[in-house]
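I opened the notebook today to walk through one model from its sheet to its charged pairs.

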Amino acid sequence: MQLFILVFIVLLFVPYIILLMYYRLGWKSIPMAEPADVTHPVSMSVVIAARNEEVNLPILLESLKKQTYSKDFFEVIVVDDHSTDTTASIVERYASGNTRLIRLQDHALPAGTNSYKKKAIETAIAAATGELIVTTDADCVVPASWLQTIASFYEKFHPSFIVMPVCYHNRNNFLEIFQSLDFMTLQGITGAAVSRGLHSMCNGANLAYTKNAFIRSGGFEGIDAIASGDDMLLMHKIYKQDPAGISYLKSPGVIVQTRAMHSWKDFINQRIRWASKADNYDDKRIFWVLLTVYLVNVMLLVLPVAAAIKNSTLHMAGFHGTLFETWLLLLLLKTLVELYFLLPVARFFNKISLLSWFPFSQPVHIVYTIVAGWLGKFGNYEWKERKVK
């Protein structure tokens, strides 16, 4: 039994450590992009799906008004997804010049629609006049150089799909600090994975893709019954059409800030929603990465439980200690390796100060990863006042 535990630990932890070191090298190898003058401005359509966002939407729309990119070359399309608050009227107040409102309730939807956000984005793209579709979420804030940096990057490289960084901007309590650390880790992995062509990862709060690529890939056809996945599943469809056309834009000038969840319930629901699309990834490399991460966390939960049940010993390279001591050693190793990976990512996001909280977040991270992963597969969740299976 002891030998089995030792082999299991080695088979899980060695690939996990190698993977994180690979991600660290990948992140550090991404060149930094800066906003530059554009010789031939590209037309853009900023697409925002909004449901009951009367509090957040004005902040986003104000940040879009401050863009350094000429308003002659971009439009803002907000799709109101059956809001029951004043979301639509707020957009109408901004609906002059390059901002306009589309009401999703004015468009016929198929019976049993499960992904209203995809339908909202799809409807906006059908009406969009821009060559480049740029998506963000209604609870986000974009920097003034956002579109200018995207335009200069697109003019230089002409990618079909651009992945960009996102971070949380509020950190007033442990829940928000924990989310900032967890999300920053995901963002570092995203940048590294995309830049190395390892697997398709992105976040819909900060994406750009050509309207032509969306149409050629079939848009959301085939994935429209899945509640989530308007970002990663679409990215993989476009990747299959144009593997060399996926790029990561690393620049402080395009970091989109979004809000952390205000309660543990909302946070878990969000992560269950993200985990629920794992079965639908055609890119099986993501599956094996997710499985490795999941099993590492399961092991770190099981070991102290096993130690509490039975004080057995584990012989490992001359070290004689209890299962509990072995768990502490592995937890320390995991924490140090993840911190080493996270350091350059935190420096990019200007969040080095948060790293002092990282060791304290480990137990919470282990439990939530297991719970969200399990419920993402076998449970359901609530999102935007809707129950989703």
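Predicted model: local features only at pLDDT ≥ 70, side-chain atom pairs only at ≥ 80, totals over all residues.

**Entry 1**

Then I looked up the strand order. I found an open sheet of seven strands, arranged β3-β2-β1-β4-β8-β6-β9, and its pairing is mixed. The edges are β3 (99-103) and β9 (246-248), each of which pairs on one side only. From one strand to the next the twist averages 20°.

I zoomed in on the β3 end. Strand β2 (residues 74-80) and β3 run parallel and are joined by five bridges. I picked out Ile 77, whose bridge partner in β3 is Arg 100. Helix α3 (residues 87-94) lies across β1 (44-50), β2 and β3, and it runs at about 150° to β3.

**Entry 1: Met 44**

Is Met 44 buried or exposed? I placed Met 44 in strand β1. Its relative accessible area is 1%, and under 20% counts as buried, so Met 44 is buried. I then asked what it touches. Not counting residues up to four places away in sequence, Met 44 touches Tyr 69, Phe 73, Phe 74, Glu 75, Gly 130, Leu 132, Val 134, Leu 147, Ile 150 and Ala 151. I also checked one pair by distance: the C-alpha atoms of Met 44 and Leu 132 are separated by 4.7 Å, though the two are 88 residues apart along the chain.

I did a quick length check on α4. Its twelve residues, at 1.5 Å a residue, should span 16 Å, and the end C-alpha atoms are 17 Å apart, which agrees. Next I listed its buried residues: Lys 118, Lys 119, Ala 120, Ile 121, Thr 123, Ala 124 and Ile 125. What covers them includes β1, β2, β3, β4 (132-137), β8 (207-210) and α7.

In the loop between β3 and α4 I stopped at Ser 115. Ser 115 is buried, with a relative accessible area of 1%. Leaving aside neighbours within four places in sequence, Ser 115 is in contact with Asp 224, Ile 226 and Ala 227.

**Entry 2: the nonpolar cores**

Which residues have the most contacts inside the largest nonpolar core? I got Tyr 23, Phe 161 and Tyr 209, in a core of 70 residues. Helix α11 (residues 323-348) gives the largest share of this core, ten residues. Apart from it lies another core, of 40 residues, including Ala 33, Ile 162, Ala 205 and Ala 208.

Beyond its neighbours within four places in sequence, Tyr 209 is in contact with Ile 121, Ile 125, Glu 131, Leu 132, Ile 133, Thr 135, Ser 160, Phe 161, Phe 214, Leu 234 and Ile 238. Two of the names there, Ile 121 and Ile 125, were already in my list of buried α4 residues.

**Entry 3: the salt bridges**

I reminded myself that side chains of opposite charge can pair when their charged atoms come close. How many salt bridges does the structure hold? I found eight, and I looked at some of them.

Glu 92 forms a salt bridge with Arg 103, with the closest N and O atoms 2.6 Å apart. This pair links helix α3, which has Glu 92, to strand β3, which has Arg 103, and the two are eleven residues apart. Glu 92 is partly exposed at 43% relative accessibility, and Arg 103 is partly exposed as well, at 28%.

Arg 271 and Asp 182 form another, with the closest N and O atoms 2.7 Å apart. Arg 271 sits in helix α9 (residues 264-275) and Asp 182 in helix α6 (residues 174-196), 89 residues apart. Here I noted that Arg 271 is buried, at 3% relative accessible area, and Asp 182 is buried too, at 5%.

My last pair was Lys 117 with Asp 230, 3.6 Å from N to O. Lys 117 is partly exposed at 25% relative accessibility, whereas Asp 230 is buried at 8%. Salt bridges that share partners join Lys 117, Asp 137 and Asp 230 into one network.

Definitions and conventions
Residues numbered from 1 in each chain as written. Heavy atoms only, no water. Core = buried A, V, L, I, M, F, W, Y, C linked by side-chain atoms within 4.5 Å. Buried < 20%, exposed > 50% of the residue type's maximum accessible area, 1.4 Å probe, protein only. Helix = DSSP H or I, 4+ residues; strand = E, 2+ residues; numbered from the N terminus. Contact = heavy atoms within 4.5 Å. Pairing = 2+ DSSP bridges. Axes fitted to C-alpha atoms, helices over the stretch in contact; angles between N-to-C directions. Salt bridge = Lys/Arg side-chain N within 4 Å of Asp/Glu carboxyl O. Expected span 1.5 Å × (residues − 1).
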